Structures are given as structure tokens and as C-alpha cells.
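This briefing is for a reader meeting the structure for the first time. Please look over the sequence and the model before reading on.

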Amino acid sequence: LLGPEALPQYQEYTKRLLSNITAEQFKGQLTGEKAEQEGKARQLYDMMLEETRQTLANAGLPADYQVVPTLNFRNIASETEAEKNLKLIDDVYERTIAKAGSFLSPEEIEKFGEFHKTVISANRMALTMNRKMMAPGGK
């Protein structure tokens, strides 16, 4: 449906989705003036991209694997697959937290750790709800 020009753009967009969503949602919790917040958010985005790439490579998964759990439809069909995907993004966040001290303050790292836990929990709840709603008989 997208055509040969738009398909690569869409594929690139989906590979960057976790990093983009995280940086945008967390930006408001960063300290400093707007320009400093923007700079930190960009560094966070770049680091998340790299850590996602590395985590997928370490897991033997393709670079285009959808890491956002609620957008990876395997996770709705299979709780086992969902847990694997949640573990992947947990690893991405843990790796990012371990390295982000180069540009985030200790307080921001702590907030990011809390953000990370919220992301995992929210995704797990959304997947469970979707799995129940889509189960045969709606049970």
C-alpha cells in the first residue's frame, strides 16, 4: 500500500519507534532550559537506538524486529513471546541507564529508572488486556 518510495521510510520509522517514544515522553522530566532538555532528549534517543540495535543483534533478531511490545502482534497471541519482547526492551533500558550517566544527572538517571519500570508494567498490562479481549469467546 505504501509504494516503493514510502516503504523504506516506514520501515525506518518503525525501527526508531521505541527510541522516539521514550525520548519524547521522558523529555519533560529532564532538567535545564528547553535547549538543554532537547539536547539531552536527543542524546537519549541516539543511545536508545544504539542499544536497541545491539540488543537485537545479541538476541540474533533482525534489525527490523518490532521492539514496542504492544505493536508486535506475536505478543498478543503468545504470552511467552510477550515476555521475551518485554525482556528485550528491559535490556535496552538497562543498557541505556548504565551508559546515560555521561549526559544525565544522577537524579535524571533515577527518574529514567522509574520511567523504565512504568514502561514495562504498562506494556505488560496492555498485552494482557489485549490477549483477554481477543481470546476466543472473549474470556
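The model is predicted. The protein has six helices and zero strands, and 38% of its 139 residues count as buried. Two helix pairs, α3 with α5 and α5 with α6, are described here, together with three of the salt bridges, of which the structure holds 11.

**Overall layout**

- Along the sequence, the pattern reads α-α-α-α-α-α.
- A box of roughly 50 × 40 × 30 Å, taken along the principal axes, is filled by the C-alpha atoms of the protein.
- Of the contacts between residues at least 6 apart in sequence, 65% join residues at least 24 apart.

**Packing of α3 with α5**

- Helix α3 covers residues 34-58, and helix α5 covers residues 79-99.
- The axes of α3 and α5 are 9 Å apart, and the two helices pack at an angle of about 130°.
- That angle makes α3 oblique to α5.
- The crossing in which α3 passes α5 is right-handed.
- On the α3 side, the contact is made by Leu44, Met47, Met48, Glu51, Thr52, Gln54, Thr55, Leu56 and Asn58.
- On the α5 side, these residues meet Leu88, Asp91, Val92, Tyr93, Arg95, Thr96 and Lys99.
- By class, the residues of the contact of α3 with α5 divide into seven nonpolar, five polar and four charged.

**Packing of α5 with α6**

- Helix α6 covers residues 106-134.
- An angle of about 170° separates the directions of α5 and α6, whose axes are 10 Å apart.
- At that angle, α5 is roughly antiparallel to α6.
- From α5, the contact takes in Glu79, Ala82, Glu83, Leu86, Ile89, Asp90, Tyr93, Glu94, Thr96 and Ile97.
- From α6, the contact takes in Ile109, Phe112, Gly113, Phe115, His116, Val119, Ile120, Asn123, Arg124, Leu127 and Arg131.
- The contact of α5 with α6 has 11 nonpolar, four polar and six charged residues.
- Tyr93 and Thr96 of α5 are listed in the contact with α3 and also in the contact with α6.

**Gly113 in α6**

- Gly113 lies in helix α6 and is among the α6 residues that meet α5.
- Gly113 counts as buried because its relative accessibility is 15%, under the 20% cut-off.
- The C-alpha atoms of Gly113 and Ile97 are separated by 7.1 Å, although the two residues are 16 apart along the chain.
- Ile97 is one of the α5 residues in the contact with α6.

**Salt bridges**

- Side chains of opposite charge can pair when their charged atoms come close.
- Glu24 and Lys27 form a salt bridge, with 3.3 Å between the closest N and O atoms.
- Glu24 is partly exposed at 48% relative accessibility, whereas Lys27 is buried at 14%.
- A network of salt bridges links Glu24, Lys27 and Glu38.
- Glu36 and Lys40 form a salt bridge whose closest N and O atoms are 3.6 Å apart.
- Both Glu36 and Lys40 lie in helix α3, four residues apart, which is about one turn of the helix.
- Glu36 counts as partly exposed, with 42% relative accessibility.
- Lys87 and Asp91 form a salt bridge with the closest N and O atoms 2.6 Å apart.
- Lys87 and Asp91 both lie in helix α5, also four residues apart, or about one turn of the helix.
- Lys87 is partly exposed with a relative accessible area of 45%, and Asp91 is partly exposed at 24% relative accessibility.
- Asp91 is also one of the α5 residues that meet α3.

**Lys40 in α3**

- Lys40 lies in helix α3 and is the salt-bridge partner of Glu36.
- Is Lys40 buried or exposed? With a relative accessibility of 8%, Lys40 falls under the 20% cut-off and therefore counts as buried.
- What is Lys40 in contact with, leaving aside its neighbours within four places in sequence? The contacts are Leu30, Thr31, Phe103, Leu104 and Glu108.

Conventions. Residues are numbered from 1 along each chain as its sequence is written. This is a predicted model: local features need pLDDT of at least 70, side-chain atom pairs count only at pLDDT 80 or more; totals for chains, interfaces and linings use all residues. Side-chain values use heavy atoms; hydrogens and water are left out. A salt bridge is a side-chain nitrogen of Lys or Arg within 4 Å of a carboxyl oxygen of Asp or Glu. Buried means under 20% relative accessible area, exposed over 50%, partly exposed in between (1.4 Å probe, protein chains only). Axes are lines fitted to C-alpha atoms, for helices over the stretch in contact, and angles run from 0 to 180 degrees between N-to-C directions. Angles under 35 degrees count as roughly parallel, over 145 as roughly antiparallel, 65 to 115 as roughly perpendicular and the rest as oblique. A crossing is left-handed if the near helix is turned anticlockwise from the far one by less than a right angle, and right-handed if clockwise. Contact means heavy atoms within 4.5 Å. Ala, Val, Leu, Ile, Met, Phe, Trp, Tyr, Cys and Pro count as nonpolar, Asp, Glu, Lys and Arg as charged, and the others, Gly among them, as polar.
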